[in-house]
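Please read these notes with the model open beside you.

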Amino acid sequence: MNGTVKPYGLMAEFDSPAAILQAAEKVRDAGYRRWDVFTPFPVHGLDRVMGFKNSLVGWFALVFGGGAFVATMGLIWFTNTFDYPLIVGGKPMFSPPAAFVPSYIMMVLGGAVGAFVGMLVLNGLPRLYHPLLQKARFALASRDKFFLVIGANDPKYSETETRRRLEAIGGTHIEGVEA
Amino acid sequence: MAESAINLKTFTPPAELRRAPIVLNNRGSGWLTDKLSSFAEGKTPLWWWIMFVPALLGATVLLPAMLIYQVSTGVGVWGNNQPVAWGWDIINFVWWVGVAHAGTLISAMLFLTRQHWRTTIGRATEAMTVFAVMMAGLYPAIHVGRVWFAWFLFPIPNSNAIWPQFRSPLMWDVFAVNTYLVVSILFWYLGLIPDLAVLRDRATTRVRKFIYGFLAMGWTGSARHWHHYEKAYVVLSGLCTLLVFTVSSIVGLDFCTSQLAGWHATIFPLYFVVGAVYCGFGMVLVLLIPLRKLCHLEEIITPRHMDRICKLTLLSSLAIAYIYVMEYFIAWYSGDPYERWVFGHRLFGHTYWYGGWIMLVVNVGLAQLLWFKRTRQNLKLVFAIGVLINIGMWFERFVIIVGSLYQDFLPANWGVYFPTWVDIGTYLGTLGAFFMMYLLFIKFLPLVAIAEVKGAMPQADPHHPLGGAKQ
C-alpha cells in the first residue's frame, strides 16, 4: 500500500428490498451510469429500474440446443447411412422419427449446457478476485443486507459528492472500495 | 408503492383464505441464513455418523467387491440367464431412474408453475435426483458384461470403423441417461452457486473459505448476475421438465419395442414416467421426513409442505392405478392368448404371484390412505407408506421384467429366475453409495436453497410491508 491504490467505487448499505429499490431509482434519476446493486436474492423491480434488457441466456440455450439437435441428426445420418450403412431388421438406413429421439435428447443437453455457459459468460464468471469481496461488511450481501455500489469509473463520480448523495438517499456504512 | 400497500390493507382476505407463509413464525432473512447454513457449519451430530458408517462401508467395500467379482468373472455370477436375461440389473436400473424423477419434477415443474413452497425442498430432492441417476447409470454399464467395451456405446471413431446402431432404443437410452445426469447436475449446481457464496461469506477457516469460494466462482449477488441467473434458471427448468417426460419414456421404449407379451404396449412410455414419478415421491418422503426432524427444519419444511407432497403422491398413485387397469384391460381386449397368459400369471402364476399382489396392494391400495388428513398429518405413518411405495414400485419392475420373460411363447423355453448373492450385494452397495453421497451432501452443502427461500418470503418483496414498503 503506497497510497496509489485506485478507487473502485463507493459502497452503501441498505436494510430492506424497498429501501434498495428506492435508492436505485434515485441513483438512476441522479444520472449515474456505472453502478450496481448487490442483494441476497433477486429483488423484483430492480431489472426495470436498472434498465436491463431481456437476458441473452435464452439465445445461448437456443443456439447450443439447436446446434446439438442438428449435429446429432447429422451424426446419425453420417454413421448409419453414409460411413457404414448396415441393414438392421429391414429398417430404413435413415429415418427421421427414430433419429429424432437421440437428437431431441441431445438438444436438451445442448440447451442446458448453453444456458449454464451463457449465464457464466454473460456474468463474467468464474472470477477469482472481486474488489467488493475484500470488504468485511460486504459478506452481509449474501445474508440480509442490500448494497449499492457507484463505480469510480462513472463520469459523475466524485468522492465527496457521491458520498453525500448516498447518505442523502439513506445509505449507511458508506465505504470506499479499492480496486 | 403506497397504493399497493393500501390495497393490501383494504382487501385482506379472511383467515381461511389467506395463503400460509412458506416458512413458519415470520422469520427474517438473517435468521433464515443462519438456520439454513447451520447444519453444514455446525458440529457433526452422532446420528450422522451412525448412518454414514454403514453407507460408507456399502459404497467403498461391498459395492467395489461385487463389481470386481462380477467384472472379473462375468455376468454369470448374477442370476439372469436364458430365458430371463434381464434380472435385478435392469430392475434396479429402472428403479433408480424412477427414484430420480420426483426430484426433477419438484424442482423444475413446480418452479415453472410458481409453487413457491418447492423452494424449501427443491435442493434436497435435486440432490436425490443426481445421486439416483448415478446409481442408475452404473447398471447398464456393468450389465453389458465386458464393461471395458462399454465405450462402443458412444459414437467414437475407432479402428474397427464401426458405429453405434441408432435404430435401437437401447442406444437412445445411453443418450437419455447420460443427458439426465449432466443436466440434473447442471441444474443442481446452478441453484447452488448463490448458496455456496453464502457459505463462503460465512466461512471461518481458510480452507472452507477457499473451497466454497472456488465453488461459488466469484458470485457477488449483483443485480446483473441475478438477471442472467434467473433467466438461466427458467431455461434449465423448462429443459428439465422435458426430461421428466422423456427419460423414463425412453426407458419404457426399451421394453415396448420388443415383441414380447406384457412389454409390447403403446402405454409403456407413459407408464414408466408415471411409475418413475410415483416411486420418486416415495423416496422424497423417505428422505425428507427424517431430514426435517434430524436437521431441525420443522419451521422450514412445514407440515403443509409435507401435506402437499402427500397429495402429489396420492395423485401419482391414482395415475398408476389407471395405467394398471388400462394395461389389464388391453391385455384382455386384445384377445391375444400370450398377453392374457402373462397378465393372468402376474397375479395367479405359480412362482411370482406375490409380486403382482404386492404391486397392486401397495401401489394402488395402500396409497389411498393418503386421502385422509389424519394420515397425512401422521408423518411416521407417511414415512412407512413412502418405504412401502419404494418396495411396491420395485416389485412393479420385477413383475414387468421377470414376469414377461420367464414364460415366453414356447413352453420348452420356460424357466425361473432367482437373484444370487451378487445381485443382492450389488443392490445393497448402490443403496450404500446413494446414502453415503446424500449424507455428505447434507453435511457439506446447504440442504435447503437459502437464496431461493429468502426470495420467496414476503420480506423479499419490495412492495410488501415486511419488505420495507411504507404502510
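1. Chain A has five helices and four strands. Helices here are DSSP runs of H or I with at least four residues, strands are E runs of at least two, and both are numbered from the N terminus. Read from the N terminus, the order in chain A is β-α-β-α-α-α-β-α-β.

2. Keep the basis in mind: this is a predicted model, where local features need pLDDT of at least 70, side-chain atom pairs count only at pLDDT 80 or more, and totals for chains, interfaces and linings use all residues. Residues are numbered from 1 along each chain as its sequence is written, while chains are lettered from A and ligands numbered from 1 in the order in which they are written.

3. Look at the overall form of chain A. Its radius of gyration is 25 Å, but a compact globule of 179 residues would have one near 16 Å. That radius is taken over C-alpha atoms, and the globule rule is 2.2 Å times the number of residues to the power 0.38. The C-alpha atoms of chain A fill a box of roughly 80 × 40 × 30 Å along the principal axes.

4. Chain B has 16 helices and zero strands. Along the principal axes, the C-alpha atoms of chain B fill a box of roughly 80 × 55 × 45 Å.

5. How many residues of chain B are in contact with chain A? There are 55, and they meet 61 residues of chain A. Contact means that the C-beta atoms of two residues, placed from the backbone, lie within 7 Å. On the side of chain B, the elements that give two or more residues are α2 (29-41), α6 (169-202), α8 (223-256) and α16 (450-455). α8(B) gives the most, with 17 residues. By class, this side of chain B has 31 nonpolar, 17 polar and seven charged residues. Ala, Val, Leu, Ile, Met, Phe, Trp, Tyr, Cys and Pro count as nonpolar, Asp, Glu, Lys and Arg as charged, and the others, Gly among them, as polar.

6. Now the helix pairs in chain B. Two packed helices are described by the angle between their axes and the distance between the axes. Axes are lines fitted to C-alpha atoms, for helices over the stretch in contact, and angles run from 0 to 180 degrees between N-to-C directions. Helix α5 (residues 118-143) of chain B packs on helix α15 (residues 421-444) of chain B at about 155°, with axes 10 Å apart. That makes α5(B) roughly antiparallel to α15(B); the term covers angles over 145 degrees. The contact uses residues including B:Phe131 and B:Met135 of α5(B) and B:Phe434 and B:Phe441 of α15(B). It has 10 nonpolar, one polar and no charged residues.

7. Helix α14 (residues 379-405) of chain B meets helix α9 (residues 268-294) of chain B, with axes within 8 Å and a crossing of roughly 145°. The crossing of α9(B) and α14(B) is left-handed, meaning that the near helix is turned anticlockwise from the far one by less than a right angle. Among the residues that meet are B:Gly275 and B:Gly282 in α9(B) and B:Gly386 and B:Asn390 in α14(B). The contact has 12 nonpolar, four polar and one charged residues.

8. Helix α12 (residues 353-365) of chain B also crosses α14(B) at roughly 145°, with axes within 8 Å. This crossing is left-handed too. B:Gly355 and B:Gly356 are among the α12(B) residues in the contact, and B:Gly392 and B:Gly403 are among those in α14(B). The contact has 10 nonpolar, five polar and one charged residues.

9. Check the backbone. Most residues other than glycine have a negative phi, and most peptide bonds are trans. A cis bond joins A:Leu125 and A:Pro126, with omega about -5°. A:Pro126 lies in the loop between α4 (96-123) and β3 (146-151) of chain A. Another cis bond joins B:Gln82 and B:Pro83, with omega about 0°. B:Pro83 is in the loop between α3 (46-73) and α4 (88-112) of chain B. A:His173 is not a glycine, yet has a positive phi of about 45°. A:His173 sits in strand β4 (residues 172-178) of chain A.

Definitions and conventions: Parallel < 35°, antiparallel > 145°, perpendicular 65-115°, else oblique.
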